[in-house]
Amino acid sequence: METFPVVNMEKLNGEERGATMEIIKDACENWGFFELVNHGISHELLDTVERLTKEHYRKCLEQKFKEMVASKGLEEAQSEINDADWESTFFLRHLPTSNVSEVPDLDDEYRKIMKEFAAQLEKLAEYLLDLLCENLGLEKGYLKKAFCGSKGPNFGTKVANYPPCPKPELFKGLRAHTDAGGLILLFQDDKVGGLQLYKDDKWVDVPPMNHSIVINLGDQLEVITNGKYKSVLHRVIAQTDGNRMSIASFYNPGDDAVIYPAPELLEKEKETNQVYPKFVFNDYMKLYAGLKFQAKEPRFEAMKAVETTANFGPIATA
Ligand SMILES: O=C(O)CCC(=O)C(=O)O
Ligand SMILES: [Fe+2]
């Protein structure tokens with residue numbers, strides 16, 4: 001059986017560079033996911049992020065989560081719940097401007113460490129985008145530029161805890177979806193698992209691995225590569241035991257970045273028909289907000305319809 005792709009980034013600097021680039025290429029084409037080890041972010045920093053995130057959950061969020069469960073009567077559910085997730089979350093924004101100093105209830109040490117962690121993840125994301133360019137035959141910097149817009153990329157972190165769930169057959173930690181954005185960097189709990197991706201008609205576990213960073217590709221990379229790379233469906237299974245920490249950082253296009261298949265890739269494939277649409281990233285996000293847990297194809301179709309209207313100019317209304 002195929003095993004989940006693991007990329008040892010140290011090997012990119014030695015004689016195994018070619019083989020390592022191949023693993024990344026195969027992962028982007030066939031999995032939409034891969035796991036990084038020796039990525040250059042220190043284990044000490046990761047351990048501190050994990051410790052402070054877990055402390056913060058216990059101090060500030062656990063009780064609130066329990067109260068939410070009680071007030072909604074979730075523990076009494078008798079049938080599968082399709083409109084809620086068994087997760088406790090908060091968001092940090094880093095780019096184009098940081099809100100980390102304003103988010104309530106974080107102590108100074110936690111704020112400082114999350115800023116430092118985000119700065120390192122941002123560098124890692126940009127390095128990875130260039131590796132993807134290399135594999136795609138695009139010039140260095142192409143993807144970073146494609147994400148740029150007038151204010152640079154959007155970069156933010158969703159800090160999640162998936163508390164133990166008494167009825168995991170009725171709830172998902174997070175329902176199945178593809179990610180809307182660009183490149184996602186996930187620091188997940190090294191003991192409590194639950195993340196799965198959909199591959200070849202089966203759900204496959206994304207195994208917890210100490211000090212690794214899981215990467216997955218969002219819808220925008222599928223569009224820019226004209227489907228050469230795919231954003232893949234994933235979900236989080238709720239567990240009866242243990243609290244799962246997951247810190248997902250989203251390196252996304254800027255709001256006004258115009259996203260479309262790279263012309264070079266269209267030429268290379270000798271495709272006459274552009275399969276994927278051209279749109280402003282924020283328009284896609286507005287659509288995604290209501291359709292996150294539905295298939296991505298209708299989202300692409302909807303953006304194509306808008307594009308067609310745009311090409312034909314204003315529609316007569318009277
Ligand atoms: O918690 C995880 O492992 C994944 C989270 C996720 O897929 C998301 O927030 O989009
Ligand atoms: Fe996701």
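Visitor: How many bridges join β4 to β11, and do these strands run parallel or antiparallel?

Guide: Strands of a sheet pair through backbone hydrogen bonds, either parallel or antiparallel. Here β4 and β11 run antiparallel and are joined by nine bridges. Two strands count as a pair if DSSP finds at least two bridges between them. The strands (E, at least two residues) and helices (H or I, at least four residues) are themselves DSSP runs, numbered from the N terminus. Before we continue, please note that this is a predicted model, in which local features need pLDDT of at least 70 and side-chain atom pairs count only at pLDDT 80 or more, while totals for chains, interfaces and linings use all residues. Residues are numbered from 1 along each chain as its sequence is written, chains are lettered from A and ligands numbered from 1 in the order in which they are written, and side-chain values use heavy atoms, with hydrogens and water left out.

Visitor: Which residue of β11 is the bridge partner of Tyr162?

Guide: The bridge partner of Tyr162 is Arg244. Strand β11 also pairs with β6, in the antiparallel sense and over six bridges; there Phe187 stands opposite Ile247 of β11.

Visitor: How many of the residues of β11 are buried?

Guide: Burial is judged by relative accessible area: buried means under 20%, exposed over 50%, and partly exposed in between (1.4 Å probe, protein chains only). Strand β11, residues 244-252, is mostly covered, as eight of its nine residues are buried.

Visitor: What is the order of the strands in the open sheet?

Guide: The order of its seven strands is β1-β2-β9-β6-β11-β4-β3, and the pairing is mixed. Strands β1 (6-8) and β3 stand at the edges with a single partner strand each, so one side of each has no neighbour in the sheet. From one strand to the next, the twist averages 25 degrees. At the β3 end, β3 and β4 pair in the antiparallel sense over seven bridges, and Phe90 has Val159 of β4 as its bridge partner.

Visitor: Which strands does helix α1 lie across?

Guide: Such angles run from 0 to 180 degrees between N-to-C directions, with axes as lines fitted to C-alpha atoms, for helices over the stretch in contact (heavy atoms within 4.5 Å). Helix α1 (residues 17-30) lies across β1, β2 (33-37) and β9 (213-217), and runs at about 150 degrees to β1.

Visitor: Which residues is Asn135 in contact with, leaving aside its neighbours within four places in sequence?

Guide: Asn135 touches Met21, Ile24, Lys25 and Tyr229. This residue lies in helix α3, residues 108-136, and is buried, with a relative accessible area of 16%.

Visitor: Which residues of helix α7 are buried?

Guide: In α7 (residues 281-291), Phe281, Tyr284 and Tyr288 are buried. They cover an arc of only 55 degrees around the axis, taken from the directions from the helix axis to the C-beta atoms, which puts them on the same side of α7. Lys286, Ala289 and Gly290, on the other side of α7, are exposed.

Visitor: How many salt bridges does a search of the whole structure find?

Guide: A salt bridge is a side-chain nitrogen of Lys or Arg within 4 Å of a carboxyl oxygen of Asp or Glu. The search finds 20. One of them joins Lys54 and Asp189 at 2.9 Å, N to O. Lys54 lies in helix α2 and Asp189 in the loop between β6 (183-188) and β7 (195-199), so the pair ties together parts that are 135 residues apart in sequence. Asp189 is buried, with a relative accessible area of 1%.

Visitor: What separates Glu55 and Arg51 in helix α2?

Guide: Their side chains meet in a salt bridge at 3.4 Å, N to O. Glu55 and Arg51 are four residues apart in α2 (residues 43-72), and are therefore separated by about one helical turn. Glu55 is partly exposed at 29% relative accessible area, and Arg51 is partly exposed at 41%.

Visitor: Which residues coordinate the iron ion (ligand 2)?

Guide: Donors are N, O and S atoms within 2.8 Å of the metal (3.2 Å for Na, K and Ca); water is not among the atoms, so sites may look incomplete. The iron ion (ligand 2) is coordinated by His177 (NE2), Asp179 (OD) and His234 (NE2), at 2.1 to 2.2 Å. Along the chain, these donors follow the spacing H-x1-D-x54-H. His177 in strand β5 (residues 172-177) and His234 in strand β10 (residues 234-237) are 57 residues apart. His177 is buried at 2% relative accessible area, and His234 is buried at 6%.
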